[in-house]
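Visitor: Hi, I'm new to this one. Can you put it up and walk me through a few spots?

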Amino acid sequence: MAFHRASKAKPKSARSRILLLAAAVTAIALLFLFSSLLSTTVSKANLLQRRQQQPFEKYLYWGTRIDCPGKHCGSCEGLGHQESSLRCALEEALFLGRTFVMPSRMCINPIHNKKGILHHSTNASSEELWDASSCAMDSLYDTELMSDTVPVILDNSKEWYRVLSTSMKLGARGVAHVEGVSRFELKENSRYSDLLLINRTASPLSWFMECKDRNNRSAIMLPYSFLPSMAAGKLRDAAEKIKALLGDYDAIHVRRGDKIKTRKDRFGVARSLHPHLDRDTRPEFMLCRIAKWVPPGRTLFIASNERTPGFFSPLSARKLVSV
């Protein structure tokens, strides 16, 4: 009897199976890599968005001009005076754990602008005059570097407009215009501490006047060197070049001219607002004052509004070079 054997299908070759396996592994690897990259990109975007939107989640605002409101709103103080005020506001933001909303421009006092760096027009509006007599804040300070210590945003930024919009939607829970409230109460009292925005512009005082403990050095959170060390990159580069030209030196500011003027009181007696300033800023007294910090032989640069030629020449008695 004849038996018919069923025909068997030819097995696939080993090479085909290997190619199929490699393709599958490659597809899985590419899928994993794509999902990993997508997850990383989304995570970074979310983190950046959170940082941009909520540096400290709450904000402190002192106004569009440094030292304004206050008695100096119609004028413009010198850079040193404005830095004292700005440091005061930054300290309060640091103390409260809030992002500080910093003015986008700083005014330049005409007294320090006699050489026509900024030009004025007699027909210009008040806003045009303000723009002409001020400079961009980020041209003076490195705000990113500053934010490592005290988070700051500028009052012309998109984030600030977002904060304003959000505060209006929150109503009473969004913003409070405070006056005569200490920073300690702003921090401890939930009436203020839970607010999105604290607005200091209701105060009639100049900014630095709010710092009642400036003479208490233990209460100072930011050193006097903080803002100068936050100078914009271009200014730091210029300072390094000047230092390289001048070499190692010391410098002091001696303000005499306007401060030692005398005025007659109601009895016709000539009096000075600072009775001992004339004596204390004379070379022989200055030598005693600086002995602890400026050793003999050092180069000393003196910035002063004293008009008498050679007034500081006696300082050379200790081999100090005055300019």
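Visitor: Which residues form one aromatic cluster?
Guide: Trp 62, Phe 100 and Trp 207 do. Rings of Phe, Tyr and Trp (its six-membered ring) pair if their centres lie within 6.5 Å; planes under 30 degrees apart are stacked, over 60 edge-to-face, the rest tilted. By the way, this is a predicted model, where local features need pLDDT of at least 70, side-chain atom pairs need 80 or more, and totals for chains, interfaces and linings use all residues. Numbering starts from 1 along each chain as its sequence is written, and side-chain values use heavy atoms, leaving out hydrogens and water.

Visitor: How many aromatic pairs does the structure hold?
Guide: Six. In one of them, the ring centres of Phe 95 and Phe 184 are 5.1 Å apart and the planes are at 75 degrees, so that pair is edge-to-face. Phe 95 and Phe 184 are 89 residues apart, in helices α2 and α6 (helices are DSSP runs of H or I, at least four residues, numbered from the N terminus; strands are E, at least two).

Visitor: What lies over the face of Phe 95?
Guide: Lys 187, at 4.6 Å from the ring centre. That counts if NZ of Lys or CZ of Arg is within 6 Å of the centre and within 35 degrees of the ring normal.
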